[in-house]
Amino acid sequence: MSIAELDDKDLVLQFHDPILKEKAFTSIIKKYQEKLYWHIRRMVIDHEDTNDVLQNVFIKAWKGLANFREDAKLYTWLYRIATNETLSFIEQKKKNASVDFDQLSETFTNKLVADKNFEPSKLEWKLQLAIQQLPEKQKIVFHLRYYDEMPYEEMSKILDTSVGALKASYHHAVKKIEEYILKG
Amino acid sequence: MKELNEISTAVANLPGSNCLSTPPAGYFSSLPETIMAKIADAENTQGINPFISSVTPPSENVPEWEQSTIWGEISKESPLETPGELYFQDFKDNVLSRIAKEQKALLHLETAMETPIIPLYKKIPQKIFMQWAAAAAIVILVGISSLIYFQTDSVPANSMNLSAELPKIDDQELNAFIGEQPHEVLTESGLANVNSDEFESENLFSDVNDEEMKVYLQQDRLSHIVNLN
């Protein structure tokens, strides 16, 4: 079995071997880069910002993987790092620009509108614009559930929130989006 | 119906179920599972927060037909521009090179921290420092005083250097100058510097009688002997 075919548990074990450490970590990156990329990108919109955050995520993962508890799932742990890193990045942006939530939401909306493929008549774009109206944590819940189809139990571990609260949050998010789209 | 009207008239005014079409295929076969899942969800939600438990969450087991139709029309693929294929190919190398850089910097820092730092100067106790400062102040004071003292005794800066200037003066001018000076001046200060050839001593005693000279010398010798006795 090649190192690329190993499951998460084996990859973590390989990571603890100094000889195989780098290979194992490369496999981890290859396995999760696209998923994490889109998880971050949907939040920060801009590719460059996403790239910065994603790199920081993997660097933090490298530093923390030695102390990683094997009873937790690797992908849950990586999503947790990515979520925290993304929220910190957004918080930092707010501080640097001295803007409140509404202004930041406007910034993200403007970024969407500036996309060269933007077509306001398309439902996909309307959905993106609607998502930008949601509070940050509700956005994350919506993204994880809608796009990544993540079970609530996993989301609960990532976001440190009860399953019930997550379901309610998702429900509210869906309703708000629906309202936004139907309004036109 | 009364309760629903109090909460939302819009929902209460929605068309009744009799206008709905027949359920989709397979609905009944999956219904027990759906209901059990809903019960399980409700049990999980109850006790966390009464507000949350009152909200009907759209779980994964809620059939598609119960949700708004717009969701079926939206593609889950992101409309955002995707990065080029090379981005993901190079990404691992970028991350690994950054990790290597950070590790190198960390190693450098650790090495620097392990190297003992030798102080350039030992810390001097305040008492010794004060003693040295006082001694230095006295030395400086004495030095400045002696400098001022010797500067006042020395030749002024604007005075003429006689030995350097004398050869420049014409001999005739010099003779004329010496000739003009009174004899007292020559005997008191400048005699040693006057050439004997140029000094005509004979002229000085030419008008003195030999007898007078002998008497004077004898008297002078007697007074000298008296003084010795």
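Predicted model: local features only at pLDDT ≥ 70, side-chain atom pairs only at ≥ 80, totals over all residues.

Biologist: Which helix is Phe129(B) found in?
Modeller: Phe129(B) belongs to helix α7 of chain B, which covers residues 126–153.

Biologist: And why is Phe129(B) called partly exposed?
Modeller: Phe129(B) has a relative accessible area of 49%, and since exposed would require over 50% and buried under 20%, it is placed in between, as partly exposed.

Biologist: Switching to chain A, how many helices and strands are there?
Modeller: Chain A has nine helices and zero strands, and its elements, read from the N terminus, are α-α-α-α-α-α-α-α-α.

Biologist: How much of chain A is buried?
Modeller: Of the 184 residues in chain A, 54% are buried, while the accessible surface of the chain comes to about 8800 Å², with 49% of that belonging to carbon and sulfur atoms.

Biologist: What about contacts between residues that are apart in sequence?
Modeller: If we take the contacts in chain A between residues at least 6 apart in sequence, 61% of them join residues at least 24 apart.

Biologist: Now the aromatics: how many pairs does a search of the whole structure find?
Modeller: The search finds 17 aromatic pairs over all chains. One of them is formed by Phe68(A) and Trp77(A), a tilted pair with 4.9 Å centre to centre and 55° between the planes, and both of these residues are buried. Another pair, Phe142(A) with Tyr147(A), is edge-to-face, at 6.5 Å centre to centre and with 90° between the planes.

Biologist: Are Phe142(A) and Tyr147(A) buried or exposed, and why?
Modeller: Phe142(A) counts as buried because its relative accessibility is 0%, and Tyr147(A) also counts as buried because its value is 11%, the cut-off being under 20%.

Biologist: What lies over the face of Tyr147(A)?
Modeller: That is Arg42(A), at 4.2 Å from the ring centre, and elsewhere in chain A, Arg145(A) lies over the face of Tyr152(A), at 4.4 Å from the ring centre.

Biologist: Which residues do ring pairs link into a cluster?
Modeller: The cluster takes in Phe15(A), Phe25(A), Tyr37(A), Trp38(A), Phe58(A) and Trp62(A) from chain A, together with Tyr87(B), Phe88(B) and Phe91(B) from chain B.

Methods
Residues numbered from 1 in each chain as written. Chains lettered and ligands numbered in written order. Heavy atoms only, no water. Helix = DSSP H or I, 4+ residues; strand = E, 2+ residues; numbered from the N terminus. Buried < 20%, exposed > 50% of the residue type's maximum accessible area, 1.4 Å probe, protein only. Contact = heavy atoms within 4.5 Å. Areas by Shrake-Rupley, 256 points an atom, 1.4 Å probe, with all protein chains shown as cover. Phe/Tyr/Trp six-rings, centres within 6.5 Å; stacked < 30°, edge-to-face > 60°. Lys NZ or Arg CZ within 6 Å of the ring centre and 35° of its normal.
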